Amino acid sequence: VHFPDTERAEWLNKTVKQMWPFICQFIEKLFRETIEPAVRGANNHLSTFSFTKIDIGHQPLRINGVKVYTENVDKRQIILDLQISFVGNSEIDLEIKRYFCRAGVKSIQIHGTMRVILEPLIGDMPLIGALSLFFLRKPLLEINWTGLTNLLDVPGLNGLSDTIILDIISNYLVLPNRITVPLVSEVQIAQLRFPIPKGVLRIHFIEAQDLEGKDTYLKGIVKGKSDPYGIIRVGNQIFQSKVIKENLNPKWNEVYEALVYEHPGQELEIELFDEDPDKDDFLGSLMIDLIEVEKERLLDEWFTLDEVSKGKLHLKLEWLTLMPTAENLDKVLTSIRADKDQANDGLSSALLILYLDSARNLPSGKKINSNPNPLVLLSVGHKAQESKIRYKTNEPVWEENFTFFVHNPKRQDLEVEVRDEQHQCSLGNLKLPLSQLLESEDLTMHQRFHLSNSGPNSTINMKIALRVLSLEKQARSPDHQHSAQVKRPSVCKDGRKSSFKPQVPVSPPPDSNKPVPASPVTDSDKKTDTAEKSQPPNASPQWPTDLSRSSSSLQASNFSYSPSHLSVKEPTPSIASDISLPIATQELRQRLRQLENGTTLGQSPLGQIQLTIRHSSQRNKLIVVVHSNLIAFSEEGSDPYVRMYLLPDKRRSGRRKTHVSKKTLNPVFDQIFDFSVSLPEVQRRTLDVAVKNSGGFLSKDKGLLGKLLIPLASEELAKGWTQWYDLTEDGTRPQGAS
């Protein structure tokens, strides 16, 4: 029989033939794990029912024809009808031990039309959300039984016949019964269609100090000033500040707001440039890990610029959480002064997230009986966004996401207009006061909205959610024991000061003329609380427990401190006390001798250290993760930290250090460091790692605990490795311990 709209699909049969052994494995699992327990539970008499043999046979199922539906189907699904036939030399043996009954199946035939629906189609891999299989009508089913009469004598089955059994099986294969195989979870589909950001980063780009003068006069003899501006990046969002003419201490006082969808691994990147008529000169850069900003909630710091010899940048960063309730809204509106002004622009109190799904029954536009090319214009205040155009349809499907920063949701509206791109005319509009969302459950509406100035049944389907932006700190996990620091992946240059932020809040001097745009009065109080709460119980001000990736961290030198906020200097041994000095090695040898006299030395007398080392070609950096180490001696525990150089560079700016771990022989650091160096160059270098005891300023135990030299001439460096290394007194003969 030939159907003109049904196509042969021999390629599909070849595919099924290749897959058949695996399909048989799946069917066997289905019999044993689903059908067998279901039969046992159906009747007390069948509690000893089991399959003793399941062999579907080597003859694969055949697909005689395929029909694909292209008309009158939803645009987000694909419907296929497969004409299938299976003539199998199957052997399925079953047993009911209680009645000593054995029966089986010698062969099975199935002929019918199986419908396959691929839906929903999604704009992300694997493109298909789920797969559904069922027969539209009862298939023709023939089963060649063995021992059927024995089976039908069993109590509970004695009212059945072979035709009734065939009917039961057939009905299980037909709608509304269906097999659905989800390829993407419903949660994932919901997230793909309606992604909610993890948070909003508010960046106060305040001022810089002591920038390099790049402009020169008289052919370079006279050094001039610079015309600095900044470029700020968060993911694919880019902001550019205004240019401040001829100023090495510029004050920008600008504020930006950026959406953060995936903060693990995402960073705030800032680059400063000097504007020139030909090519703008580089004035420094900064990278800040957003995980750290989220932990701190509020940072107001001076940062030393990387990749230049001098210059500092003053930033205030706020991590705003998206709240699904309006209970904090009045407080937020007061903090950004939106409760008093009537403007539609300014700092945001909320985020509007909109999923534009589809429209129905749109009017035909200017020409009667002609389908329009619809697009949607969306606006909140002065901000407007536009959807893609859908051509020649009055039932368009867009499936697009939009976000709007909202200054005051109590007063602002969402305006929606559907337009015909071809004739530049309106097909309908809608005005939705955002105050309606404030009264909705979870501040969310998902419905078909009727369009005004449109057709009688014209609707637009949207999901809209409002999220209040709050600086409120989320509850910390119990294991969070420290106030996190900002990580600084960029490499430092020479001559940079190293001063570290103590674990006490920093207050700007009262006479500071820096603006605090839209900053609530309670900000400093909040910050004090944050720092105090995040310290471990009975903690006195200590060294920061998470230093930066580079050798300099948050500059706190520009602030004056009240007596309760005393600055604490970094416990950095000077270059003169480094392990290259004979006295440090002598001390280590003495300790080794003490160990030899008192104990039998193991394979790693000085302990071990676990490192991950790899080179990132994308960032052009060597990345070293210091995980943990095992220290072999010191009765009451050491105060260890790890120091690294990339030899031959032993300058202070090339040094990397972990935080100090107090009174422990098994410190866990889990800190990431990097060195700006190309892959060919790094393969000629050696990583110099030393485990040192901080021991306080006056401690006699201060000094070297062990050393390690790792030549980096390995082809595996691009892939990277994690390994335990033995520590020795001079760093030679490093051996992987695992």
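A residue is called buried when its relative accessible area is under 20%, exposed when it is over 50%, and partly exposed in between, with a 1.4 Å probe and protein chains only. Helices (H or I, at least four residues) and strands (E, at least two) are DSSP runs numbered from the N terminus. The structure is a predicted model, in which local features need pLDDT of at least 70 and side-chain atom pairs count only at pLDDT 80 or more, while totals for chains, interfaces and linings use all residues. Residues are numbered from 1 along each chain as its sequence is written, and side-chain values use heavy atoms, with hydrogens and water left out.

Helix α3 spans residues 162-172, and Ile 165, Leu 166 and Ser 170 are buried in it. Viewed down the axis of α3, these buried residues fall within an arc of 135°, so they line one face of the helix; the arc is that of the directions from the helix axis to the C-beta atoms. The buried residues of α3 pack against β7 (140-146) and α2 (148-152), where contact means heavy atoms within 4.5 Å.

## An open antiparallel sheet

Strands of a sheet pair through backbone hydrogen bonds, either parallel or antiparallel. Here two strands are taken to pair if DSSP finds at least two bridges between them. An open sheet is formed by 4 strands in the order β13-β12-β15-β16, with antiparallel pairing. Its edge strands, β13 (237-240) and β16 (281-289), each pair on one side only. From one strand to the next, the twist averages 15°, with axes taken as lines fitted to C-alpha atoms (for helices over the stretch in contact) and angles running from 0 to 180 degrees between N-to-C directions.

Strand β15 (residues 267-274) is joined to β16 by 8 bridges, and the two run antiparallel. Glu 269 stands opposite Met 287 in β16.

## Aromatic residues

How many aromatic pairs does a search of the whole structure find? The search finds 8 aromatic pairs. Rings of Phe, Tyr and Trp (its six-membered ring) pair if their centres lie within 6.5 Å; planes under 30 degrees apart count as stacked, over 60 as edge-to-face and the rest as tilted.

Phe 273 and Phe 282 form an edge-to-face pair, at 6.0 Å centre to centre and with 70° between the planes. Phe 273 counts as buried because its relative accessibility is 16%, whereas Phe 282, at 26%, counts as partly exposed. One aromatic cluster is formed by Phe 205, Phe 239, Trp 252 and Tyr 256.

Gln 412 lies in the loop between β22 (397-406) and β23 (413-420). With 4% relative accessibility, Gln 412 counts as buried. Its side chain reaches the backbone nitrogen of His 407 at 3.0 Å, and a polar atom of the side chain of Gln 412 lies 2.8 Å from the backbone nitrogen of Asn 408.

Glu 399 is in strand β22 and is partly exposed, with a relative accessible area of 25%. The residues that Glu 399 touches, not counting those up to four places away in sequence, are Arg 76, Leu 121, Arg 193, Tyr 355, Leu 356 and Asp 357. The C-alpha atoms of Glu 399 and Leu 356 are separated by 5.5 Å, although these residues are 43 residues apart along the chain. The side chains of Glu 399 and Arg 76 are joined by a polar contact of 2.9 Å. A polar contact is a pair of N or O atoms within 3.5 Å; within protein, one must be able to donate a hydrogen and the other to accept it, and residues adjacent in sequence count only if both atoms are side-chain atoms.

## Backbone features in loops

The loop between β5 (101-118) and β6 (130-135) contains Pro 120, and a cis peptide bond joins Glu 119 to Pro 120, with omega about -5°. Pro 126 is also in the loop between β5 and β6; the peptide bond from Met 125 to Pro 126 is cis, with omega near 10°.

Lys 392, in the loop between β21 (383-386) and β22, has a phi near 50°, a positive value in a residue other than glycine. Leu 443 is found in the loop between α7 (435-438) and β25 (444-450), and its phi, near 55°, is a positive value in a residue other than glycine. At 3% relative accessibility, Leu 443 counts as buried.

## The protein as a whole

The protein has 10 helices and 35 strands. Of its 738 residues, 49% are buried. Among contacts between residues at least 6 apart in sequence, 69% join residues at least 24 apart.
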